[in-house]
Each structure stands twice: as structure tokens, then as C-alpha cells.
Amino acid sequence: MYNTNYHRASSVKDAVATMGKSDDGKFVSGGQTLIPTMKQRLAAPSDLIDLRHVDSMKGIAVKGNQVTIGAGTTHAEVNASKELRKACPSICDLAGHIGDPHVRNMGTIGGSIANNDPAADYPAAMMALGAQIVTDKRTIDADDFFTGMFDTALEEDEIITSVTFTAPAKGAYSKFPNPASRYAMAGVFVSQGDSGVRVAVTGAGSDGVFRHGEMEAALASNWDSSAIAECNIDADDLLSDLHGDNSYRANLVKVMAKRAVEAAG
Amino acid sequence: MSEGIGARVLRKEDKRFITGNGKYTDDVTNHGQCYAAFVRSPHAHANVKSIDKSTAEKMMGVEGVFDGHQLTADGIGNIICGWAVNSKDGSPMNMGAWSALATNKVRYVGDAVAVVIADSPSNAKSAAEAVGVEYEVLSSVTNAAKALENGVEQIHPEAPNNLIFDWEIGEKDPTEVAIAGAAHVTEMTITNNRVSPNPMEPRSAVATFDASEDHYTLYTTSQNPHVARLVLSAFYQVAPEHKLRVIAPDVGGGFGAKIYIYPEEIVCLWASMKTKRSVKWTADRTEAFLTDAHGRDHVSTARMGFDANNKIVGFAVDTIANLGAYMSLFSSSVPTYLYATLLSGQYNIENIHCNVRTVYTNTTPVDAYRGAGRPEACFLIERMMETAARELGVDPAELRRANFVCEFPHQTPVIMAYDSGDFEANLEASMKASDYKGFETRRAEAASRGKLRGIGMSSYIEACGIAPSAAVGSLGAGVGLWESAEVRVNPVGTLEVLTGSHSHGQGHETTFAQLISDRFGLPSDNVQIVHGDTDKVQFGMGTYGSRSGAVGMSAIVKALDKVEAKAKKIAAHMLEADEGDIVIENGEVKVAGTDKTLGWHEVCLGAYTAHNLPEGMEPGLKEGAFYDPSNFTFPAGCYICEVEIDPDTGTVEIVQFVASDDFGTIINPMIVEGQVHGGIAQGVGQALLEEAVYDDNGQLLTGSYMDYTMPRADNLPSYTVSHETTICPGNPLGIKGCGEAGAIGSPPAVINAITNAIGNNDISMPATPSKVWAAIQATQSKQAAE
């Protein structure tokens, strides 16, 4: 790891101010991607601004079917929240299957979304739940937030403070893990609620997370796994690598979508 | 409770390992220690035009920056392969030069070009990044068959067409005649995938040159510290043997990769002399993937002929073996004498011929990896047998049974003379334990859940107890493969056993101590096993090839024989009895049939006080022995694997794995079962998960655990392990060896089960979900077309 300057931010405002003073600073939360990358000398931020001690970014609030999750909430906390599980069990289950216990107890929802790893799980949830990404500057629709692999609508000094969404009537996430890394090779989150049917795919797309309109339409007219049997998953838009080519991933997208619909009931 | 042979004594070494108190090479810290960071080639094949060290030399904390020209100028010799294998025309192998730091040319990604010595790992790494190397990139080749083609870039001038040697074993003409006359011929092309060894502890070295004594000390992660010292001294000219102490302390797994002497150890020793500082290097995981010798990487075409009674009449094999960019220490022996000599398997085959071409490519050097040649042979034979059974329409178990060797000794046409075994007993035991007969019911039940269930078998044999020195010498080995032991009895009756074997996970401190418990009835706690230090242990050949039991413990037995004989002489003198009437049991030395008794400690004290010894006897009780095996040993067994496959995703789940092994005498069944469990995990890893993959430019795509799939607990079932034992007649304890069996026997069982499940025989290792899914699709479209 190259030398870096560490700052513990006391508030969002403090964090933004510190970022303003740094040459090439980075916000860090759980650090489950950034720290290993720095250890491999593949990233060399001049300053690390730690958001883990900003209390206003923590916690889960559920009012009826309105859910707010603080950006600094760990995957383990999302998985363990009883009130969230009552309102939206699918996101609890998703969080419980991210990485390993170490990752789940350190990594945060805000960090995951801000990094937008094309194989991360949360981006699919945000898209499929029609979530709003709340920052210190504005509120962004999930559909507009994820702009490509490791790319988001966030500005350099902008901090995600929370995410909010309306819990759907039905929802589930099904993923096929990469055999080596256990990130998603294809992860599909389906939801059915007031805002209709949403189907979001992570891990498979060559440009990161995406919604699949054809499957959404098919499920909107018939909420049953058989409804998507004839849907076309265009392999041209999907990744090929040593773990599987795009035709295999196209298959996985459909299989995971079916399994998610079945799990959602 | 007995702690002798056959007792499940808990591992003595685990107390320090599981409490984090093991002492590994990287735990060694010396005063004023510096750290080495290597400048490595990012190209698979390139000429080195220039190396600019000037910036790096001025950086913070840097003690020195050195390149291969300096290394060569100081007389450090090239790295060699220690086993000479000639081509079939009699010409010697075409070994290219391997300098510990490349001078004019780099030949694989990771090839070391220069080294920085600095006061911290971070400063060393930063300065290494600042070394400017100008490369002229050459075209590269990673595939061995392609490397042999005309017009491909030459990797070493010594090896035209990148061919190292073209070797054969067995009789070609009779084999071809037999196959031509066969009623049925099974023909296959089989790839044995390249894997990375992945010991939990990465390689490490701490080298210290003491200028006042003109003496070097090297702590390193070695499976054979004496061999390391010999090679460092005799071939690499680092220091004469008496001026070089090599210590391999606790070592966290080897699997073959820590047999060899790598550039890093040589460079650390030399750099310690250059800088007059203690120099430490510990590989990070990426360096381990890039530079630890890889395993396997064979492509073979094979033909097996059967007569009308389904007896094998001939077996012809043509193998291309990829040895990587340089010839590692034992690389030549793996695809030849450790591979083709096992091609008879458990079967009575009159005619076998195998041709092997070994090839240079722009990849990490390939050498022995758990099993070393024998897994490649076993995979070939057992895939062929299973496929032949399906083609012939007979039960795979019956085809095997019809061809088993049943009488011993049995001379195969490929050097090996099997000394013992009961192959049918292992087959029967595995079939019974797996409820082989009930498989179709289980398959139907799985189908009702939408799963494809398959069963596969593998009857393996291997050659261990490596090896009779004269025999391996006649085959080209540069060393003898005996083992040594010294038993030191202390005046109070406790013992130190110094062994040339090296434990890096095998549990020698427990198992070897059981021999003393068994012999004298002493608690195993009274025994200290000493290994891994050339200043303490007289000499030793180390641990690999499942040899510590059959060879290492045989040496201890020989030394114990001498200790026992002397102790009896002393006791007979003290008790005024006949030497032949003395028995030693339960820690007491008795005159048989009388109540005359001495404590073991009294006899030992008598040996050291020397107040009352027989006339002419030397004081003390300490004996040494060298044991040279009379033959290889032949562990064998039968593994049966059952899988269930999700046809939608191609995911393979191993739902049952049954192993029946014949390891000869078993000293500690718990440790032996652990060896089988670990071996199967590695075999399953190779079959389902693991592969070192290069892209077209020779970049290693699987350079981290993000892409290299290690087996994890949830990839593996609970195994059913049992033993059908025949005693090995070749060594005093009757031991055959158990360290590699699991890794040798399991891959074909897994692949045979998968191909059985999906009805498509065209699956290569690793059988990843995407490959299995594609094979299922191919089967379905073929069925649809029919």
C-alpha cells in the first residue's frame, strides 16, 4: 500500500470539507473493495476520509411500507433487521448472501452502491425496488444513478447518505455466484408492487446493472415463472469471461429470474 | 491408551498451529533486516534491452539494486533440472539456461529481472517500480502443442522447435499390432488441466550472511532443506555446504511446490552477501500464482484395444507435456518416470507404449504437484476404462474386474513391478459402501426433483516410497532417494529422533513418535521429533512422493533396531542375564520369564554413566541409520463418486464420495484419513474448479482468488473412507504411503460421474458449471436432431 492520509469524519459536512482540501481523496466506508485495491497498489488516494463514524448515516427506519436505510448500514445489519424483514424480506436475504461474514460486517449499502461493481448485488435491488438514492446534495432515482460499470451519477465530493424505497408486495433476489469470487455471475431481483413489475439484472451485463423490459412486461401480465419462458435475453449485451460466455450468462439470467419469481411467490 | 502403531493419537503439533504459535519463515526477524522486492517481467516473452537502476538506487531506504549481469559476474550458477532424461534417439535433453535473474531475455510473466533490497517492504516495492526495464516484446506461446509447430518463436536456443525431449517407454510395434488386431478400440484425446499449487503459506526466505564467519544461514519454505543446501551449494555456487545452514521451520503446506529451489532463495542469499544485511522475501499471493511451479498440463491421445472377451490387449499413448519457460528441478521426471510407468494401472496389460514430448512454453515452470505424473496416468486410464465400458455395453466395475492384476509380484511392461495388492477387495468395498446396486433407484429419485444424477468410478494405483537409489540413478536422477534417521536416547530415557523427512502438514511429530511408543512402550510425549535444520539433522532427502512413511520411518526403524540391540546388551550385562532373554515393553527392560526388571531409564542412565558396561562397549545410546528402499511401494484403491447436476445451470454437487484405499500398514488412522480427505479435496478441485489459464499474450488470467477457484467446504461432501489392507513386503513396517492417493484417484471418479449423469462424454477438467451446461445443451440438441 502507498502512503495515504487518514481522516475520521465526524459529520457529512466535515467529510465534504475534508475532501475539498485533499489532492486526490477518497471516501471510505467499509473499505471492502477500496482497501484490498490499495493493498495491491492499484489505487493510491492521497487521503482516505472515513465515513464509518458519521451517526446520521446509520440505521434502518420502516414506516408502513416506506423504508429508509442509512448509507453507513452494514450488510449484516440489513440482514438482521427484524422490522425491515417484515416489510421487505428480499433485501434482507440479499444482504445475508453478500461476500462472507467479514465483508457483511464491514461493508455498507452506501459503499456498495457508490462503487457500482458490475457484479455487486445491491445495485439490482435498488433498480428493482425503484429506490431513491439520497445524497448530501440531492435525491437520484436508481434508474438514473447507475450509469455504467463502476460508474454512477455521483459527483466527486458527493456522499450517499441513505436510500429510500417503497417495499413491494412481492420481491425476491436470486443469484448464481461466480465459482471463484462468489460475486454474482448473474443476479436477478424481481419485484411487484404499486409501481408495477420491475426486473433488474446484475453480474451479467457488459455495462453493469440493467432492467429487462421484456421480462417486466411478461410478468406484469402474468406473475408466474412460466411467463418469461419465451422472453429473449440478448447475449450480445452480456459479459463473456473464463467463467462463462455470454450465451451461458443469458441462460443464467433467465433461470435466476424464474427462480426469483418462484421465491417471491 | 496405546500410542503405538494403529492408535488415533491426536496431533502434537496442532497445539501450536491452532493457537497461532507456529513459527514460519516469515516469523523470523533479524536485527537490521532488509526486504527484497523483485522486478518482474510483465511480458511473456521479450528481449531485455536495458535496465536502468539509477532512480531506484537513490530512493528512500534502498540498500542495493541488483540485476542478472551482476549475479552472473559473481559466479552464481544457472538453475538446473536434476533429472536427466534422454530422447528416444539417445540424445540428451535440450535444457535451456535459467538465470535466477534474467539477463538478456524474459520467458514468462513473472520472470525476475532485478531485485531491490530496502529497509522496509514498502520502500523495496516502491523502488522496484522505479527500476526502468526496456523490453523488446517477442511473440509468445502458452500451448504446448502449438509451441511445437514450425515457425513458432523459439524460447531457448538450446531447444529447437521448443522440444526438450522426445521420449518413449514400452514396445511400440507389438502394441500397435495388438491394437490393430483388437475386437474393439477405445480412442480418446484427454487434457490434464494446469493447476496452481496454492499452499496456504506463500514461499518465503530469510537469508543472512555473516561476514566475520564467512557463513550463510537461510530460513526457507522447503520440503527438503538438505536438498536445497546441496543444490544451492553444488550447482548455484552460493556457498560451500559447510558454510551454509538451511532451516525449514514450520512450513504451511507444500504439495510439491516447495521441493524446488527457486530464483528468490538464491537471490536473497547472494543479496545478503552484497548488502551485508539479513534479507527477507515473502511472496504475495500474486507472486505465488505467477512463480510457484504449476502442476499437470498434459494433452494425450490414447488408444486402448480389447479382445472379444473384453480383455485389454494393448494401450498406446502419445503425450505432450508443457514444462513452462524453464526446466524446474524435477520437471523432466514427472511426465516420464512418474507418469508413463503407471500406465498399466491396476490392469494386466501385455503391451503398452507411450511417447512423451516435453515442451517449452512462455508459462510458469511446471513440476511435481501432489501426485506428480501419477494423477495424469490415472486420469487417462480410468477415463479410458469408463468410456470403454460404455462403448462395450458392460458394467464399468465388471470391465475393471475382468482386467485386474490378481497375482503378485506382477511385472508390468513399463518398468514397475507391483509387489502386493488386492484390487478386487477395494472395488468390492467401495461398491458396497456406495450401494452401487441401488444407484438406479437414486437416479430416478433425483430425476423426480429435476436433477441429473450420475455415478463414476476410479480404480487407481500409484508408485510411492520414492525410491530405490540405484534404480532412479539408472533412470537419470541426480540424487539418491534414501532417507536417514538418528535416534538419540537421553540419560533419563527420553528420546530425540532426528529425521531427514520434513513435515509441512503431515503430522510427523505425532506419527513418528508412535513408532517409539510401539517399540518401547514409552509415552509419545517422551519423544521429540527434530527435522528441518541442516545443522541438526545429518542429512535427508525430504518429503514428497508419499515417502515419509515408507522411507523416512523405515530409516527410524533401522536406527531403533540398533538402539534396541545396544540397550538389550547393556541390560543383559546389568541383570547378569542372556541378551536373547531380554524384552523391552511398557517402558521396562525385563528378563523373560523372571521377575528381574530394570526401568528403561535405568538402562539409559547406565549407558551414559558407563560405570558398568559390557567389556569394550562405547558409552552412550545414540544410533543412526540410512535406509534405501528396495522397491517402489504401490498404494491402490477404488473411489466411487456420485453427483447431482442442476441442468438449468450446470452446477455439479458431489452427493456421495466413497474411498477404499490400500496403504499397507497404517500408523495413525486419523492422520491417514486426513490425508485422504485433503487429497480428495485437491482432486475434486482439479476436476471441478481449478485451472491456471493464460490469455493469448501469455498473461495469467487466474492470478488471484477472484478468478482461480479453490475448493471450499461447501464444494465437498462428507467422505466415506475405509481401508482394505495388504502389507507392503518391501519395507520393515509394511507401509505403502497415503499422501497423494486422494489427489490421484479422485479426478476420474468425478468426471466419470458427470459424464454418466449428462450422457455426454466430452467434458474437460475443470468441469465448471458453464462447461457442464454447454455439454447438456449439446446432448439435448443431438437428441433433438435424432
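Select A:P177 first: its bridge partner in strand β12 of chain A is A:A184. Now show both strands, β11(A) (residues 170-177) and β12(A) (residues 184-193); they pair in the antiparallel sense over eight bridges. Strands here are DSSP E runs of at least two residues, helices are H or I runs of at least four, and both are numbered from the N terminus. Two strands count as paired if DSSP finds at least two bridges between them.

This is a predicted model, where local features need pLDDT of at least 70, side-chain atom pairs count only at pLDDT 80 or more, and totals for chains, interfaces and linings use all residues. Residues are numbered from 1 along each chain as its sequence is written, with chains lettered from A and ligands numbered from 1 in the order in which they are written.

Next, click A:R182 in the hairpin, which has six residues between the strands; A:R182 takes a positive phi near 65°. Back on β11(A), six of the eight residues are buried (20 or more other C-beta atoms within 10 Å of their own, C-beta atoms being placed from the backbone), so the strand is largely enclosed by the rest of the structure.

Over to chain B. Select the open sheet of seven strands, in the order β3-β5-β1-β12-β9-β10-β11, with mixed pairing. β3(B) (62-67) and β11(B) (244-247) stand at the edges with a single partner strand each, so one side of each has no neighbour in the sheet.

Finish on β10(B) (residues 215-220), which runs parallel to β11(B) and is joined to it by four bridges. Pick B:T217 and you'll find B:R245 of β11(B) opposite.

Terms used: Buried ≥ 20, exposed ≤ 12 C-beta atoms within 10 Å, placed from the backbone.
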